[in-house]
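Subject: Structure for your files

Hello,

Here is the structure to look at alongside its sequence. My notes on it follow below.

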Amino acid sequence: MRASKMHMPTLRDAPADAEIVSHQLLMRGGFIRPVVAGVFDFLPMGLRVLRKVEQIVREEMNRAGAEEVLLPVLSPRQLWEASGRWDTFEPTPLRTQDRAEREFCLGPTHEEVMTHLVATDLGSYRELPITLYQIQVKFRDEIRPRGGLIRVKEFIMKDAYSFGRDDDDLDASYDAMYDAYVRIFQRLDLPVVIVEADAGSMGGHDTREFMLLADAGEDTIYLCDSCDYGSNSECAKVRPAEPIEAAGESTRELVDTPGAKTVDEVTALLGVGADRLVKTLVYHADGQFVAALVRGDRDLNEMKLGSLLGAAELRMAKDDEVEKLTGAAVGFAGPVGLPDTVRIIADHEVLATRDFVVGANQDDAHFTGVNVAVDFAVSEVSDIREACDGDACAACEGGTLVARRCVELGHVFKLGTKYSEALGCTFKDADGKERVSIMGCYGIGVSRIVAALAEQHSDEGGLIWPREVAPFEAIVLLLSPDDEELAEVAEGIYAGLQEAGIETVLDERDDSPGSKFAEADLLGYPVRVVVGRRFKKGGEVEVRTRRDGTETAATPEEAVSAVLEALGDGA
């Protein structure tokens, strides 16, 4: 390609709303442009990168035995109602109607549609196991899109689904996809960390996320500083605190706390630390009320609580439900005197705390000097709080959890029969009996990977694309287009590189050398060849590697070999 014929609308400065490196560089380099918040155009250079990422993903999925399909963007309501997610999926899918007033959503994910596809044709156990995948646009109505391509309303995703006869089939498909993901991120030169996670609204188990450590990331993971344990913040396990000996007798005292409902208000009024207060959070789980107790300086982890309860539905109790249950307004609930029908679950740290403060189940009142087993009994003790930086690791002795910011790039988990049962994805086994197929789910954020690459591979000068995803592998900079001798040399090198199969740009525009150098660095070509003053003086051109700045001199006849060598060195 000739730079003079390319659409490369680079910017001198990043837009004011571009706060992270990848967003700034992709905007400045003319790779993407916003349409509205969370929706982006991919320009020619950006699309080249995106397509190369897609191709790496496609090659490794095919290598692992998966087959590619393409599913519709529109998902009919009846499929989502069959799975029970039409009214429960978060964030709420974007919805529309056709002229017959049939309802659809713009697919945020494709479990329902893919399961329906397989269910339509699946007959015999001999057709299993299979894994189908697609690279398709997804829509999620994010409340606060941010970070350029990191969190958006419309994005490109690779989602794959395996269907098997039994757990052995599921395990084999899962392992094949896991290994494929490892190869994908190795080829992309993205040093991901693989951590435990929760499948969330998708359902499932054996969930692993592939995370890229990045200060600009919006997810948090916890890594142990002594062992290989790693987990998403949603399910990070904490070593239980050692319980203290129960108090001998009650020292409980009722105190007035007018208008003090929050932890900050109560502790300020009573002059105690937040670690001396125990919050009572009332939930409704599958028809039963549950009181979850955590220290005032901790946050409850709803996923841990839901997993412990095995609840199909878990929500915070409504204000009127709390008032009816406790006899007091929200903000004054406590475990002392709750009805026996309420299941009280305490975090381990509550049993390691003595003489603490709780709500008194009376308006404008709290109890001080409260102790477990003396003033109230708990139904169960478990790890139900959010992990914190510096917590003790539950997987080893002496390890400490370290919080790290990251970007989620991939997700694999075992779905089981949640969708295949709901949507009738069955087969006949060897005995002719009808059985439900067992599923797995495997996703990669393809367009998000473009942002992750920009975060991971850049410097103060701009982008440093790995060769496999660079929009072009090399650029030839002709510094004096009016000089016929230099132009002839540049054209010759350009032709030679193309003949050698190297994707190359010839920058023959009438711009200053400084602007050409700056733009080449910004756009991140792995290798650049400079045809200019050095050739006039000594008959050589300059070959420079973008990643490490290595420069070599070569004659025009040696230039192609020099570029190939530079690319072979991992530029």
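In what order do the five strands of the open sheet lie, and what is their pairing? The order is 28-27-29-30-31, and the pairing is mixed.

Before the details, some ground rules. This is a predicted model, in which local features need pLDDT of at least 70 and side-chain atom pairs count only at pLDDT 80 or more, while totals for chains, interfaces and linings use all residues. Residues are numbered from 1 along each chain as its sequence is written, and side-chain values use heavy atoms, with hydrogens and water left out. Helices (H or I, at least four residues) and strands (E, at least two) are DSSP runs numbered from the N terminus. Two strands pair if DSSP finds at least two bridges between them.

Strand 28 (504-507) and strand 31 (551-554) are the edge strands, each pairing on one side only. From one strand to the next, the twist averages 20 degrees (axes are lines fitted to C-alpha atoms, for helices over the stretch in contact, and angles run from 0 to 180 degrees between N-to-C directions). Helix 13 (residues 513-523) packs on this sheet and touches strands 27, 28, 29 and 30; contact means heavy atoms within 4.5 Å. The direction of helix 13 makes about 175 degrees with that of strand 27.

Strand 29 (residues 527-531) has five of its five residues buried, so it is largely enclosed by the rest of the structure. Buried means under 20% relative accessible area, exposed over 50%, and partly exposed in between (1.4 Å probe, protein chains only). V527, V529 and V531 point one way from strand 29, and R528 and V530 point the other way. Strand 29 runs parallel to strand 27 (residues 474-478), with five bridges between them. Bridge partners here include I475 with R528 and L478 with V531. Strand 29 is also joined to strand 30 (residues 541-545), by four bridges and in antiparallel fashion; V530 stands opposite E542 there.

A second open sheet has the order 13-19-18 with antiparallel pairing. Strand 13 (253-256) and strand 18 (356-359) each have a single partner strand, so one side of each is left without a neighbour in the sheet. The twist in this sheet averages 35 degrees from one strand to the next. Four bridges join strand 13 to strand 19 (residues 365-370), and V255 has H366 as its bridge partner.

Helices

Helix 1 (residues 21-28) and helix 11 (residues 446-456) pack at about 100 degrees, with axes 8 Å apart. That makes helix 1 roughly perpendicular to helix 11 (angles of 65 to 115 degrees count as roughly perpendicular, under 35 as roughly parallel, over 145 as roughly antiparallel and the rest as oblique). V21, S22 and L26 of helix 1 meet V450, A451, A454 and E455 of helix 11.

Which residues of helix 8 (residues 319-326) are buried? They are E321, V322, L325 and T326. Seen down the axis, these fall within an arc of 110 degrees, so they line one face of helix 8; the arc is that of the directions from the helix axis to the C-beta atoms. What covers them includes strand 14 (278-285), strand 15 (288-295) and strand 16 (314-316). The face turned away from the buried side carries exposed D320 and K324. Just after helix 8, G327 takes a positive phi of about 80 degrees.

Regards
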